[in-house]
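Me: I have a model open and would like to go through it piece by piece. Can you help me read it?
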Amino acid sequence: MATSAKLMLGSSLCKRLSQLTRQIHMQPALLSSFRSSREVQELDKYPEVEVVANPPEWRFVERLLPAETVPQPVEKPKYPSGWRPQKEDGSELGYHVARTKNHMMPVYLHTRFRGQRRITVVRRVQGDIWSLEKDLRAVVEQSRNGKLCATRINELSGQIHFHGDHVDVLRDYLKEKGF
């Protein structure tokens with residue numbers, strides 16, 4: 001008799017546990033996805049909202065929003081980071097290297113094949129890209145103690161590719177030229 005009572009108790013306990021697990025699985029988990037959010041109700045059930053064009057509290061929100069444009073840099077005789085503003089427009093040289101929207105020099109290092117191949121890319125070149133490539137190649141070869149440097153020019157996109165890591169040398173040279 002005692003064993004049958006235990007079985008009945010066990011079976012009722014199992015039924016309750018299975019019902020509980022079904023309920024848990026049927027309810028969506030909170031904060032998991034869009035399925036867990038409530039359905040849209042009629043507009044009458046939502047509170048009234050007054051839209052104000054320029055409330056005085058908006059100034060606290062505006063300072064948190066990102067700027068729409070990058071501000072012009074403040075003129076200083078020397079910057080602590082070594083950055084220099086662009087001075088040359090390239091009219092006398094026949095070519096021009098434009099700065100990025102953040103006022104930075106467009107010289108980048110691309111690594112391929114797990115870092116085994118390094119390619120330095122000069123972008124945003126306008127004008128006579130062939131004479132700029134000749135000048136930059138001379139600078140790179142001088143920094144390599146006369147060793148030749150392989151280059152590739154993409155005239156349509158205004159890019160010059162140098163085989164190797166020459167980012168610092170090219171950035172310094174372009175800054176000295178005023179670009």
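Me: Where does isoleucine 153 lie?
Reply: This is a predicted model. In it, isoleucine 153 is part of strand S5, residues 151-154.

Me: And which residues does isoleucine 153 touch, leaving out those up to four places away in sequence?
Reply: Ile129, Trp130, Glu133, Gln159 and Ile160.

Me: Is glutamate 133 buried or exposed?
Reply: Glutamate 133 counts as buried, at 5% relative accessibility. Arginine 137 is partly exposed, with a relative accessible area of 27%.

Me: Back to the strands. How do S5 and S6 run, and how many bridges join them?
Reply: They run antiparallel and are joined by 4 bridges. Two of the facing pairs can be named: arginine 152 is opposite histidine 161 in S6, and asparagine 154 is opposite glutamine 159 in S6.

Me: What do S5 and S6 form, and what is in the turn?
Reply: A hairpin, with 4 residues between the two strands. Glycine 158 is in the turn and has a positive phi of about 70°.

Me: Which residues other than glycine have a positive phi?
Reply: Phenylalanine 113 is one of them, with phi near 55°. Asparagine 145 is another, with phi near 60°.

Me: Where are they?
Reply: Phenylalanine 113 is in the loop between strand S2 (107-112) and S3. Asparagine 145 is in the loop between H3 and S5.

Me: Buried or exposed?
Reply: Phenylalanine 113 counts as exposed at 58% relative accessibility. Asparagine 145 also counts as exposed, at 73%.

Me: What about S3, how does strand S3 pair with S6?
Reply: Strand S3 (residues 117-122) pairs with S6 in the antiparallel sense, over 3 bridges. Threonine 120 is the residue that stands opposite phenylalanine 162 in S6.

Me: How many residues of S6 are buried?
Reply: 4 of its 5 residues, which leaves S6 mostly covered.

Me: Now the inside. How many residues does the largest nonpolar core have?
Reply: The largest nonpolar core has 20 residues. Those with the most contacts inside it are Val122, Leu132, Leu136, Ile160, Phe162 and Leu174. Strand S1 (95-97), H3, S6 and H4 each supply at least two residues of this core.

Me: Which element gives the largest share of this core?
Reply: H3, with 5 residues.

Me: Take Val122 from that list. What does valine 122 touch?
Reply: Not counting residues up to four places away in sequence, valine 122 touches Pro106, Val107, Leu136, Gly158, Gln159, Ile160, Phe162, Leu170 and Leu174. Of those, Leu136, Ile160, Phe162 and Leu174 are also among the core residues with the most contacts.

Me: Histidine 166 next. Where is it placed?
Reply: In the loop between strand S6 (159-163) and helix H4 (167-177).

Me: Is histidine 166 buried or exposed?
Reply: Histidine 166 is buried, with a relative accessible area of 8%.

Me: What is histidine 166 in contact with?
Reply: Thr120, Val140, Arg144 and Cys149, leaving aside neighbours within four places in sequence.

Me: Last topic, the surface. Which residues form a nonpolar patch there?
Reply: Val40, Leu43 and Tyr46 form one, with about 380 Å² of accessible area together.

Me: Where is leucine 43?
Reply: Leucine 43 is in the loop between helix H1 (2-26) and helix H2 (58-62). It counts as exposed, at 73% relative accessibility.

Definitions and conventions
Residues are numbered from 1 along each chain as its sequence is written. This is a predicted model: local features need pLDDT of at least 70, side-chain atom pairs count only at pLDDT 80 or more; totals for chains, interfaces and linings use all residues. Side-chain values use heavy atoms; hydrogens and water are left out. Buried means under 20% relative accessible area, exposed over 50%, partly exposed in between (1.4 Å probe, protein chains only). Patches are made of residues with over 30% relative accessible area and no salt bridge: like charges are joined within 9 Å, nonpolar side chains (Val, Leu, Ile, Met, Phe, Trp, Tyr) within 5 Å. Accessible areas come from the Shrake-Rupley method with a 1.4 Å probe; for residues, only the protein chains shown count as cover. A salt bridge is a side-chain nitrogen of Lys or Arg within 4 Å of a carboxyl oxygen of Asp or Glu. Contact means heavy atoms within 4.5 Å. A nonpolar core is a set of buried Ala, Val, Leu, Ile, Met, Phe, Trp, Tyr and Cys residues joined through side-chain atoms within 4.5 Å. Two strands pair if DSSP finds at least two bridges between them.
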